[in-house]
Amino acid sequence: MKTSALHAELVKLHRAPIWLAFVALPLVAAAIGTFNYVSNLAILQDGWFDLWTQHTLFSGMFFLHALIGASCSWLMRLEHRGTNWNQLMTAPAGTLRILASKLLAAWLMLGVGLTVTGALFVGCGKLAGLPGLPGPEYVQWIVLAWVAGLASIACQLLVSLLIRNFAAPVGIAVIGGLVGFFLHAYDKGLAWPYGLVVVALNSNGNGALSAGQLIPFLAATAVYTVAALGIATLIMTRLDVRTGS
């Protein structure tokens, strides 16, 4: 049943128009970041690293969280139609399993968005005339951002569960990313679930996560993810009772 629940979520995404956003938004972020980089070469002289900060500055603040918000809204929108909640609650899969399948589906979607972001970073760097290729640390930051995205996704699934509208949760995700960015500027990024992606990306250039910081980072990701899923499970269970399913 575990794989069938995830398969059901992936089927919903087959040829879904939401995938266009996973190309368009990283492309916009890359275009803005590259333009800023080539326009300030007199100041930005650290090659790949400076290009990275310009690319991920906008991705971490706006675009990646917009993708997370859009994917979670999309995964919840079908359930909000008509009596679909009743049908979902009578399915053999349990409430937590349903939410976990949506979490994994959105996490895979975020992985696609981050892969596109990384590919555009390399491609734009070559177009800008940077020598060689970026080092392996950039792959590490992308992977850490993918891990951190679990917390944002869990929170957004909760928001999309509570709010039937598609656009409003996306706006909340973008605001959450902005708050996370400013908290990270004051070294408080771990105190906010949406700040974890910003911390992982090292977009402000203050320094990547050290070995000692990695454990609190992973712990915060786990706590926010479990807490958000737990609250969502309780809400869905009460919904189950209320609808008599």
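Over which residues does pLDDT stay under 50, and how many contacts beyond four places in sequence does the model have for them? I looked this up before anything else, since I am working with a predicted model. The stretch is residues 241-245, and the model has five such contacts for it.

**Confidence overall.** I noted an average pLDDT of 86 for the protein, with 89% of the residues scoring at least 70. Helix 6 (residues 137-162) has the highest confidence, at a mean of 95. Helix 4 (residues 84-89) has the lowest, at 53.

**Thr-221.** I found this residue in helix 9, which covers residues 211-243. Is Thr-221 buried or exposed? Its relative accessible area is 4%, so I put Thr-221 down as buried. Leaving out neighbours within four places in sequence, I listed its contacts as Val-147, Ala-148, Leu-150, Ala-151 and Leu-196.

**His-184.** My next stop was helix 7 (residues 167-185), where His-184 is found. With a relative accessible area of 11%, His-184 is buried, because the cut-off for that word is under 20%. Not counting residues up to four places away in sequence, His-184 touches Gly-189, Val-198, Val-199 and Asn-204.

**A patch on the surface.** I then turned to the outside of the protein. Phe-35, Val-38 and Leu-41 form a nonpolar patch there, and together they have about 290 Å² of accessible area. I checked Val-38 on its own: this residue is in helix 2 (residues 21-39). Its relative accessible area is 39%, so I wrote Val-38 down as partly exposed.

Methods: Residues are numbered from 1 along each chain as its sequence is written. This is a predicted model: local features need pLDDT of at least 70, side-chain atom pairs count only at pLDDT 80 or more; totals for chains, interfaces and linings use all residues. Side-chain values use heavy atoms; hydrogens and water are left out. Patches are made of residues with over 30% relative accessible area and no salt bridge: like charges are joined within 9 Å, nonpolar side chains (Val, Leu, Ile, Met, Phe, Trp, Tyr) within 5 Å. Accessible areas come from the Shrake-Rupley method with a 1.4 Å probe; for residues, only the protein chains shown count as cover. A salt bridge is a side-chain nitrogen of Lys or Arg within 4 Å of a carboxyl oxygen of Asp or Glu. Helices (H or I, at least four residues) and strands (E, at least two) are DSSP runs, numbered from the N terminus. Buried means under 20% relative accessible area, exposed over 50%, partly exposed in between (1.4 Å probe, protein chains only). Contact means heavy atoms within 4.5 Å. pLDDT is the predictor's confidence in each residue, from 0 to 100.
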